[in-house]
Amino acid sequence: MRMPHPARADQGPPDRRADGIAAPSPDHLRGRNTIVSLQYLRAVAAIGVVLFHQFQNIFPAIRFFQHGVDLFFVISGFIMIALTDGRDIGPRHFYLDRIARIVPPYWAATALTILLAAAGIFTPSVTDRSPGHLLASLLFIPSWGPGGHIWPTLYLGWTLQYEVFFYLIFGALLMLDSVRRLGVASILFGMLVILAAAWPPHTPALTIYTSPLLLEFLAGMLLGRLYGIRLNRMPGWWIAGATVALTAAFLLLIPFNRDLLFGAGAVFIVSAVLALERAGYMPQSRTLLELGAASYAIYLFQQIAFDITGRMVGQAAGLAGLPVLTTTLLHPANVLAAIVLGLVMHRYLEKPLTEQTRIFLNLKPRGASQRMVESNTAGRL
């Protein structure tokens, strides 16, 4: 998570538009500690990816759920810009905070998966255990994996290669004021995508660093500027118009990259649920909040859950003399196991590791604004 300066920890960004007209401040938004709509989306996105991995070959329509990743990228851009606007946060603190939040769970999941593979448990999530590839994976350096894919050793970490690049760029932009920050990001990401269109990249790093998926982070940043961390920065009609314009822009770019269709959908969905929460129509669900908080762990450890459950169901079916049980129960059991294991890992591994890393890096205690979104950042998937 990004950290507000201690002196400004409880202060939101200036609650005025550029023309000096006060933005609305709905009473129901005051005093809240979480952007619940983003938590819900994180839960839906993470479980959607799990469903995709389990049912993509059974129900082709399920393949749509793989685009939960697009939701995470848009949400990540939103949180970065919304939380840092109007606050004194330097690149060094930002980078250390990202390391504390992203690295320990990812390294733990990678290490555990490798150990299970070495012990003879079948883990297709391990793509390449060679020392060089493993080192590049742990440092988030894109490299070729089996079949020509740009996959790290723990293939589920491929999305983190995009996230970490975005963090590197965004952290550097913190040296600029908040107005220029968004403008420079727009120019930079636009130029990178245009560069790839003109001269298709042939290296793993350039393929990632010039991907049209970067535009999803940029769109999230624009939404973050419109809503603000308390969802009351701009009038609703400004936000509605900008959302339509952003969605239309993505749709117009589909001829150049068809995956931007899902970027358009992600932009619209994120803005729509934020608007509902802003208007006071977002119900409270403790279950979804917990699942959203655990979404990073659900994603990272899902393959381990699949492997363990697969063995247990297979053995049970064999003992019962009913091999049909494997076909009937395996996939639903895998989904349930991934969710349960993710919740357990979040509580007993991810959170303690993150806190201890923060202490080790001498990061300052979180302020109120930090606590508000400590579980809302999307950069885990």
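## A salt-bridge tour

Start by selecting Asp177, which counts as partly exposed because its relative accessibility is 35% (buried is under 20% relative accessible area, exposed over 50%, partly exposed in between, with a 1.4 Å probe and protein chains only). This is a predicted model, where local features need pLDDT of at least 70 and side-chain atom pairs count only at pLDDT 80 or more, while totals for chains, interfaces and linings use all residues. Residues are numbered from 1 along each chain as its sequence is written, and side-chain values use heavy atoms, leaving out hydrogens and water.

The term means a side-chain nitrogen of Lys or Arg within 4 Å of a carboxyl oxygen of Asp or Glu. Going by that rule, you'll find six salt bridges.

Next, pick Arg358 and Asp97, whose side chains form a salt bridge at 2.4 Å, N to O. Arg358 sits in helix α14 (residues 324-360) and Asp97 in helix α3 (residues 91-118), so this pair ties together parts 261 residues apart in sequence. Helices here are DSSP runs of H or I, at least four residues, numbered from the N terminus. Both Arg358 and Asp97 are buried.

Stay with these helices and select Glu350 in α14 plus Arg101 in α3, a pair linking distant parts of the chain, 249 residues apart. Their side chains meet in a salt bridge too, at 2.6 Å, N to O. Glu350 is buried at 2% relative accessible area, and Arg101 counts as buried at 8%.

Last stop: show Asp85, Arg181 and Arg225 together, and you have a network of salt bridges.

Key: Helix = DSSP H or I, 4+ residues; strand = E, 2+ residues; numbered from the N terminus.
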